Amino acid sequence: LISMGVAFAKAALFLSIPSLNALYLSSSLPSHNTIQDMRSNLLRRSLLRPYQRQSQRFSTLHRESVESTFITTPIYYVNGLPHLGHAYTSVLSDVIARYYRNDGMPVYFLTGTDEHGQKVQQSAINANKSPIEFADDVSNKFRDLISALNCTNNDFIRTTETRHKDAVHELWHRLEQKNQIYLGAYEGWYSVRDEAFYAETELVNGKAPTGAEVEWVKEESYFFRLSDWTQKLLTFYEENPNFIGPKGRRNEVISFVAQEGGLKDLSISRTTFSWGIPVPNDPKHVVYVWLDALTNYLTALGFPNEDNELYRKFWPAHLHVVGKDILRFHAVFWPAFLMAADLAPPKRVFAHGWWTKDGEKMSKSVGNVLDPWDLINSYGLDYLRYYLVAEINFGNDGDFSHESMCSRINTDLANDLGNLAQRALTMIFKNCEGKVPTPGGPFTAEDEKLLLAAKEQLLPAIRVCLAQQNMKGVCDAIIDVAKMGNRYIDLQAPWHLLKNDVPRMHTVLYVLVELLRC
């Protein structure tokens, strides 16, 4: 049932308008001859002309005023192997990139790996490898995952590349020239796992807010004058209310920045390990891993060459997609670094939640970490991509279970969309010579209602959802129309019309194919 349902769902979705085409499904159609024949016949007939007219008519309807779109995942830290969370971020970012690209906007989609820091150096030692050998191995696994997920990224960046070192040094120089960096000494709590500094008041039961172990660190360090940016950031958030999403995360960030006493200056170099980009003119220091990592978004567009075509076209970034645990770095440190260097900050940072497994947090010690390759091999790529998009609201935490995945696939793809496509296309194949029938008379009120929902209301609703990164809302909107189609076909009963009103049957089947195409 699942196999046939998705087969028919694919046949339907591959006939869809540009802004929906390939939004969820990424691989080729299955080799079911019947489906292929149906699809070929449908495409050869008069669907193509209204398809072109409709895509032109919808080309600006409810579209965001975006001339070009730079979408990024966070670059993934190579201290561990890829897991479901990495797949989730990558797939949802890819869906957004595909949407904007198919909606006629120039898109640059970036992902990659973050390869410096104390944690990577320690992991390399434990693996009896040099840091670069360790980083090479793990980075290749992330690259393989991105490929296995069939993501359409334009670039895969590594922070060990020469181009990135040059970009980091330039950003450092600009901050120095603006008197935003000074040499001092750091003494306080540091989490190696999070590569983050924490104040005493932030610790929970002696650990970082993330649950990571912390250690007391005392060393010479360069500092960024983050304290100067408390009010400037609050003003920036007020003037750009959509900079942080969802709204609950925005409130968290504002509360952190507006804390009593304001922001504290940020240590941006380390001397207790060597695996990192050396600080310009002071090589005993390496650049703080987050200043290093965040700069990748500039590096990929050719910075420091601001005349580079990619940089001129795509900066500032349209959307950084990140996990909620690294929102602070992207929504506080990153805009402060950029504005301090007289560079434009990104337009939006959206933080998604975490996945649990059967109600429990995933961890190596519990043994419930989900391997994305296992899920692809067990269910198939398209099933996994759809589940990740449709199951939870983008921004909330979600719980994975095999039961919920099977239920989602059966309910949405097989029962709703697949069942509708199967019933409509089978009747056309058997009773209309496999060709889209010509309407046999004027449309009724029921016909018009369904066509209006599919052709005039669905795409604007999807655009609104995509602008808010409400991916589940996108899926719900599509499935709601499919449900309307199922109610319509039950009410109209074209199998009965075949016996006593063939022209009306043709009209009903035409309406259903129009719904599937839209």
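Visitor: Which ring does the charged end of lysine 232 sit over?
Guide: The ring of tryptophan 229, with the charged end 4.3 Å from the ring centre. A charge counts as over a ring if NZ of Lys or CZ of Arg is within 6 Å of the ring centre and within 35 degrees of the ring normal. This is a predicted model, so local features need pLDDT of at least 70, side-chain atom pairs count only at pLDDT 80 or more, and totals for chains, interfaces and linings use all residues. Residues are numbered from 1 along each chain as its sequence is written, and side-chain values use heavy atoms, with hydrogens and water left out.

Visitor: What about arginine 328, which ring does that lie over?
Guide: Arginine 328 lies over the face of phenylalanine 256, at 3.8 Å from the ring centre.

Visitor: Rings, then. How many aromatic pairs are there in the whole structure?
Guide: A search finds 22. Rings of Phe, Tyr and Trp (its six-membered ring) pair if their centres lie within 6.5 Å; planes under 30 degrees apart count as stacked, over 60 as edge-to-face and the rest as tilted. One of the pairs is tryptophan 290 with phenylalanine 329. That pair is stacked, at 4.1 Å centre to centre and 5 degrees between the planes.

Visitor: Where do tryptophan 290 and phenylalanine 329 lie?
Guide: Tryptophan 290 is in helix α10 (residues 289–294) and phenylalanine 329 is in helix α13 (residues 327–340), so the pair ties together parts 39 residues apart in sequence. Helices (H or I, at least four residues) and strands (E, at least two) are DSSP runs, numbered from the N terminus.

Visitor: Is tryptophan 290 buried or exposed?
Guide: Buried, with a relative accessible area of 11%. Phenylalanine 329 is buried too, at 6%. Buried means under 20% relative accessible area, exposed over 50%, and partly exposed in between (1.4 Å probe, protein chains only).

Visitor: Which residues form an aromatic cluster?
Guide: Phe70, Tyr108, Tyr297, Phe303, Tyr311, Phe314, Trp315 and Trp334 form one.

Visitor: New topic. Which residues touch the most other members of the largest nonpolar core?
Guide: Tyr237, Ile268, Tyr288 and Trp315, in a core of 163 residues. Helix α13 gives the most to this core, with 11 residues. A nonpolar core is a set of buried Ala, Val, Leu, Ile, Met, Phe, Trp, Tyr and Cys residues joined through side-chain atoms within 4.5 Å.

Visitor: What does tyrosine 237 touch?
Guide: Not counting residues up to four places away in sequence, tyrosine 237 touches Phe243, Ile244, Arg250, Val253, Ile254, Val257, Ala331 and Val332. Contact means heavy atoms within 4.5 Å.

Visitor: Zooming out, how many helices and strands are there?
Guide: The chain has 20 helices and 17 strands. Buried residues make up 58% of its 518 residues. Among contacts between residues at least 6 apart in sequence, 78% join residues at least 24 apart.

Visitor: Which strand does β5 join?
Guide: Strand β5 (residues 181–191) joins strand β7 (residues 215–224) through 10 bridges, and the two run antiparallel. Two strands pair if DSSP finds at least two bridges between them. Glycine 188 stands opposite valine 217 in β7.

Visitor: And what pairs with β9?
Guide: β7 pairs with strand β9 (residues 266–267), antiparallel, over 2 bridges. Phenylalanine 224 stands opposite leucine 266 in β9.

Visitor: What about phenylalanine 223, is that buried or exposed?
Guide: Phenylalanine 223 is buried, at 9% relative accessibility. Its place is in strand β7. The C-alpha atoms of phenylalanine 223 and aspartate 265 are separated by 6.2 Å, though the two are 42 residues apart along the chain.

Visitor: Which strands form the open sheet?
Guide: 3 strands, in the order β10-β12-β11, with antiparallel pairing. The edge strands are β10 (269–270) and β11 (278–279), each pairing on one side only.

Visitor: Last topic, polar contacts. Which side chain does histidine 116 join?
Guide: The side chain of aspartate 292, at 2.7 Å. A polar contact is a pair of N or O atoms within 3.5 Å; within protein, one must be able to donate a hydrogen and the other to accept it, and residues adjacent in sequence count only if both atoms are side-chain atoms. Histidine 116 is in the loop between β3 (107–114) and α5 (118–126). Histidine 116 is buried, at 6% relative accessibility.

Visitor: And aspartate 155, what does that side chain contact?
Guide: The side chain of aspartate 155 makes a polar contact with the side chain of arginine 163, at 3.1 Å. Aspartate 155 is in strand β4 (residues 155–158).
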